Amino acid sequence: GANGGAVLGCEALIHWRHPARGLVPPAQFIPQAEQSGLIADIGAWTLRAACRQIARWKSEGVPFGSVAVNVSALEFRGRRLLETLDTAMAEHGVQPHELELEITESVLMGDTESAQRIVSRLHELGMPLAVDDFGTGYSSLAYLKHLRPSKLKIDRSFVRDLEEDVEGRVIVRAIVGLAHALGIRIVAEGVETEGQRRFLRGIGCELLQGYLISRPQPAGAAAEFIRASAEATVEVS
């Protein structure tokens, strides 16, 4: 949280441990996985792994809040997503509020009928839905009414230059105001400085994500960080 400092959620990031190249970040292999058609298998594995980790943290008493998983456009429009969700959540006893799906704006710009059908089913399940990288795609505000996301995540490109960029501050302030008016929680991505944190807190941005809070960590280290943050937080935001 921007005020109290409690960890209210985390994001599952998949990396590829290559035998020669070491740890490869998702930005370097996910586009190729989408082009080759492997993204459906990778996405299904990630959802199952996230549900498995949620169950483990629950058994260990880790106050993780919720775990967000990115879903690609190809996954979102396919039939397999809902089947994988149902199976993985049932197998590991995951409740809808413990898992969150993140999609980008571009997901909604293609087969809108199929996307809306899946969105409706997710709402029936009580599954939180977040719009990732908000403001960088072909935004249509009408989608916010139909999609009814639980969160908007302000893209890091707007957050990066907040301390120097007047126009960027105007845009971020407008996004936060829009989200509040629609009853949508707002997350700022890529927060790296105290100056960025102060501005975002001042305009009412509830949730922060970025290196200022924590760098990506393995599950074990993340659990220790979450527990330490909970113990150090006097006022829960």
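Modeller: Let us take strand E7 and begin with its partner on one side: E7 pairs in the parallel sense with strand E8 (residues 185-188) over 4 bridges. Strands here are DSSP runs (E, at least two residues) and helices are too (H or I, at least four), numbered from the N terminus, and two strands pair if DSSP finds at least two bridges between them. Within E8, Val 187 is the bridge partner of Lys 153.

Before going on, a word on the model: it is predicted, so local features need pLDDT of at least 70 and side-chain atom pairs count only at pLDDT 80 or more, while totals for chains, interfaces and linings use all residues. Residues are numbered from 1 along each chain as its sequence is written, and side-chain values use heavy atoms, leaving out hydrogens and water.

E7 also pairs with strand E6 (residues 129-134), in the parallel sense over 3 bridges. There, Val 131 stands opposite Leu 152 of E7.

Now look at the side chains of E7, which covers residues 151-154. Lys 151 and Lys 153 point one way, Leu 152 and Ile 154 the other, and all are buried (under 20% relative accessible area with a 1.4 Å probe, protein chains only; exposed is over 50%, partly exposed in between).

Finally, follow the loop between E6 and helix H6 (142-147), where Thr 136 lies. Thr 136 counts as partly exposed because its relative accessibility is 47%. Beyond neighbours within four places in sequence, Thr 136 is in contact (heavy atoms within 4.5 Å) with Glu 105, Asp 155, Ser 157 and Phe 158.
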